Amino acid sequence: MHLAAAVAVSLAASVSLLAPAPDGPAPLPGRLADTGGGSQLITAEAPSTGATSGTLDWWDRVNGAWVKAGSAPARFGANGLADGATRKQGTNTTPTGLYDLPYAFGTEAAPDGTRSTYRRVHQDSWWCQDNDSRSYNRWTEPRPADCRAAEAEHLVTYPTQYAHAFVIGFNYDRPVRGRGAGIFLHVNGRAATAGCVSVPADAMRRILAWADPARAPHIAIGTSGGATALTRY
């Protein structure tokens, strides 16, 4: 065989070995039942419903394909995860499901590049979790009389966790009393969460700079398999 032809055959063989198999597994977002209709998605995956840690990835849809934009270790509720459709308030479980991200907030200024609506936390900023209040599962400023302090979260008292955060749209648009309130994507504290999803501080800043509301970012929370598998949402 002529030397040039032999080199061409060798190069072609090398390229074919490097190319992905046409029937290889699709990226995780491509295997979900629904991604929210936008072109940005966050996936928060735990190995099982009893897990308190897992992985959070964020993705862009580019030319019809999902491409991973970043990844970070994630923490979940102290009692693991529970199906968002049947979750009970006060169980310290992270609700599984697909949710929008209504707005961001923080005790610190928004990171450079943030495009999402961003609310600064003040001394009188509260998140009402009182099932008897008209402000159930809402930011209130100040705390209304019908929302008991013992049933609300004083946001300013969590300067580490709420340095930067996203509201997760769980039980948000039409709140069901007793289902749960105040579920956020926020910065890690010392351990597992009370039901939120948390990531390292640098990852939270990167997510805020990445998220573009014009691209309708959503978050899918679930497990690797079983009834609460991410691929169900």
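1. A nonpolar core is taken here as a set of buried Ala, Val, Leu, Ile, Met, Phe, Trp, Tyr and Cys residues joined through side-chain atoms within 4.5 Å. Buried means under 20% relative accessible area, exposed over 50%, and partly exposed in between (1.4 Å probe, protein chains only). The model is predicted: local features need pLDDT of at least 70, side-chain atom pairs count only at pLDDT 80 or more, and totals for chains, interfaces and linings use all residues. Residues are numbered from 1 along each chain as its sequence is written, and side-chain values use heavy atoms, with hydrogens and water left out.

2. The largest nonpolar core has 30 residues, of which Leu 56, Ile 168 and Leu 185 touch the most other members. Two or more residues each come from E1, strand E2 (53-62), strand E3 (65-75), strand E12 (184-187), strand E13 (197-199), helix H2 (201-210) and strand E14 (218-223). H2 gives the most, with five residues. Helices (H or I, at least four residues) and strands (E, at least two) are DSSP runs numbered from the N terminus.

3. Leu 185 has contacts (heavy atoms within 4.5 Å) with Ile 42, Leu 56, His 164, Ala 165, Phe 166, Ile 168, Val 197, Val 199, Met 204 and Ile 207, leaving aside residues up to four places away in sequence. Another core, of 14 residues, lies apart from the largest one and has Val 121, Trp 127, Ala 165 and Phe 184 among its members. In soluble globular proteins, nonpolar side chains tend to be buried together.

4. Thr 43 belongs to strand E1 (residues 40-46) and is buried, because its relative accessible area is 1%. Beyond four places in sequence, Thr 43 touches Leu 28, Thr 55, Leu 56, Asp 57, Trp 59, Ala 220 and Leu 230. Its side chain makes a polar contact with the side chain of Trp 59 at 3.0 Å. A polar contact is a pair of N or O atoms within 3.5 Å; within protein, one must be able to donate a hydrogen and the other to accept it, and residues adjacent in sequence count only if both atoms are side-chain atoms.

5. How many disulfides does the model have? The count is one, a disulfide being a pair of cysteine sulfur atoms within 2.5 Å. Cys 128 is joined to Cys 147, with an S to S distance of 2.3 Å. The torsion about the S-S bond of Cys 128 and Cys 147 is about 120°, so the disulfide is right-handed. Cys 128 lies in strand E8 (residues 126-128) and Cys 147 in the loop between E9 and strand E10 (152-154), so the pair ties together parts that are 19 residues apart in sequence. Both Cys 128 and Cys 147 are buried.

6. There are eight salt bridges, each a side-chain nitrogen of Lys or Arg within 4 Å of a carboxyl oxygen of Asp or Glu. Lys 68 and Asp 57 form one of them (3.9 Å, N to O). This pair links distant parts of the chain, with Lys 68 in strand E3 and Asp 57 in strand E2, 11 residues apart. Lys 68 is partly exposed at 47% relative accessibility, whereas Asp 57 is buried at 9%.

7. Arg 148 forms a salt bridge with Asp 132, the closest N and O atoms being 3.8 Å apart. Arg 148 is partly exposed, at 44%, and Asp 132 is exposed, at 63%.
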